[in-house]
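Dear colleague,

Please find below the structure that I am handing over to you, together with its sequence. My findings follow directly after it.

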Amino acid sequence: MNILEFSLLVWVGSFTAGLIGALTGLGGGVIIVPLLTSVFCVDIRYAVGASLVSVIATSLGAASTYIKQGYTNLKLGMFLEVATTVGAVIGALIATRISVQSLTIVLAIILLYSAYLSQRPKREEPENESQDICANYLQLNSVYPTADGLIPYQVHAVPGGFIVMFIAGIVSGLLGIGSGAFKVLAMDNVMRIPFKVSTTTSNFMIGVTAAASAGVYLTRGYIDPGLSMPVMLGVLPGAFLGAKILVGANTQVLRIIFSFVLVAMALKMVYNSFIGV
């Protein structure tokens, strides 16, 4: 396989990752890292570096569309970015000091958890039965558009969501996957906001989180322009397309397929780590 063929195949895989990542809110990196390591046999640290660059592109591609449509909660996203950014720097520093096999096992666990999370029923309607003191003080409550007009929602359990976001930042810096699974978990399950709001706000946040840890990988020499460029150029149009489809899409079938792909990638990575290449 020559360089042109390799770059073209990486572009196709990255486009698909960006599309699915924008649709599910889990981020394209959750596919890109295992794709590069399992299919193209790229060292996981270089795969993480390329993924972080692509995650920034994913955020830029999807977030602008979501903000214009009124789904993203900007105040909530900027508040939670404090936790994810600090966690991302810590995760990136840890990643450069542990073994490749350990990184692979951690990523496989995250993939399996993401597959499980993608199959859980999602909350489409807001829960407004109680008010959170922190959310009221920080003015995090907002509205989101529906076919019936703007619907208000309230943010719950702000401290708990902040802690989960800190963990999400560590995972992002450690594995370069954007940690969309944990971000959606924090906003959808802990803070109990509507799924499309949590998905779109997650896409808004992952770029800042990835940028914080990408600097560490860059200084360590783990960002290869020859690998990062086709990944970024593939993810960006895929994220734009996914953002436009999400607004009126029913993604249940996609989630089922997505979860099977994640499980298969996780098992292959574990096999390669202990027995294979």
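The protein chain of this predicted model contains eleven helices and two strands. Read from the N terminus, the order of the elements is α-α-α-α-α-α-β-β-α-α-α-α-α.

As to the chain as a whole, buried residues account for 55% of its 277 residues. The accessible surface amounts to about 11500 Å², and carbon and sulfur atoms contribute 71% of that area. Of the contacts between residues at least 6 apart in sequence, 82% connect residues at least 24 apart.

The unreviewed UniProt entry annotates "transmembrane region" at residues 7-32, 44-64, 76-94, 100-117, 162-182, 202-219, 226-247 and 253-271. Two of these spans may be described further. Residues 76-94 are 100% helix and 0% strand, with the end C-alpha atoms 27 Å apart. Residues 202-219 likewise are 100% helix and 0% strand, and their end C-alpha atoms lie 27 Å apart.

One residue deserves a separate note. Isoleucine 133 belongs to helix H6, which covers residues 133-138. Is isoleucine 133 buried or exposed? Its relative accessible area is 72%, and because a value over 50% counts as exposed, isoleucine 133 is classed as exposed. Valine 155 is 22 residues away from isoleucine 133 in sequence, while the C-alpha atoms of the two residues are 9.7 Å apart in space.

With kind regards

Conventions:
Residues are numbered from 1 along each chain as its sequence is written. This is a predicted model: local features need pLDDT of at least 70, side-chain atom pairs count only at pLDDT 80 or more; totals for chains, interfaces and linings use all residues. Side-chain values use heavy atoms; hydrogens and water are left out. UniProt positions are given in the numbering used here, feature names are shortened, and annotations may be inferred rather than shown by experiment. Helices (H or I, at least four residues) and strands (E, at least two) are DSSP runs, numbered from the N terminus. Buried means under 20% relative accessible area, exposed over 50%, partly exposed in between (1.4 Å probe, protein chains only). Contact means heavy atoms within 4.5 Å. Accessible areas come from the Shrake-Rupley method with a 1.4 Å probe; for residues, only the protein chains shown count as cover.
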